[in-house]
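I want to look up the charged pairs, then a surface patch, then a helix.

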Amino acid sequence: MPKSTAERVREARDKLRRAGLRPVQVWVPDARAPGFAEEMRRQCRLIAAAEDTASGREEAAFWDAATADAWDDLD
């Protein structure tokens, strides 16, 4: 008899736990919510304006350097 979906999911999760992993629930903003797109545009404008300042360029350079290895690993 074939295994149910619930049994297959439980087995897969058990396998991941045995590998030393654990599930984590992450809540993220709902991109479908009213006002979401406008809020993203507002925040992007703030970031763009900050990048036009000396301190903004310095901070951007810091984060570029700090995350360079992580981005390189995606290639």
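I started with Lys-3, which is partly exposed because its relative accessibility is 44%; the cut-offs are under 20% relative accessible area for buried, over 50% for exposed and partly exposed in between, with a 1.4 Å probe and protein chains only. Before going on, I noted that this is a predicted model, where local features need pLDDT of at least 70 and side-chain atom pairs count only at pLDDT 80 or more, while totals for chains, interfaces and linings use all residues. Residues are numbered from 1 along each chain as its sequence is written, and side-chain values use heavy atoms, leaving out hydrogens and water.

**Entry: Lys-3 and its partner.** Which residue does Lys-3 form a salt bridge with? I found Glu-11, with the closest N and O atoms 2.8 Å apart. A salt bridge here is a side-chain nitrogen of Lys or Arg within 4 Å of a carboxyl oxygen of Asp or Glu. Glu-11 is also partly exposed, given its 36% relative accessibility. I looked up the total too: the structure holds 6 salt bridges.

**Entry: charges on H2.** Helices are DSSP runs of H or I, at least four residues, numbered from the N terminus. Glu-38 and Arg-41 both sit in helix H2, 3 residues apart, about one turn. They form a salt bridge, closest N and O atoms 3.2 Å apart. Glu-38 comes out partly exposed at 40%, and Arg-41 does at 44%. I then saw that Arg-45 joins Glu-38 and Arg-41 in a network of salt bridges.

Arg-42 has a salt bridge of its own with Glu-39, closest N and O atoms 2.6 Å apart. Because they are 3 residues apart in helix H2, about one helical turn separates Arg-42 and Glu-39. An α-helix has 3.6 residues a turn, so residues three or four places apart point the same way. Arg-42 is partly exposed at 38%; Glu-39 is too, at 29%.

**Entry: Val-26.** Is Val-26 buried or exposed? Exposed, because its relative accessible area is 63%. I placed Val-26 in the loop between helix H1 (5-18) and helix H2 (36-50).

Definitions and conventions: Helix = DSSP H or I, 4+ residues; strand = E, 2+ residues; numbered from the N terminus.
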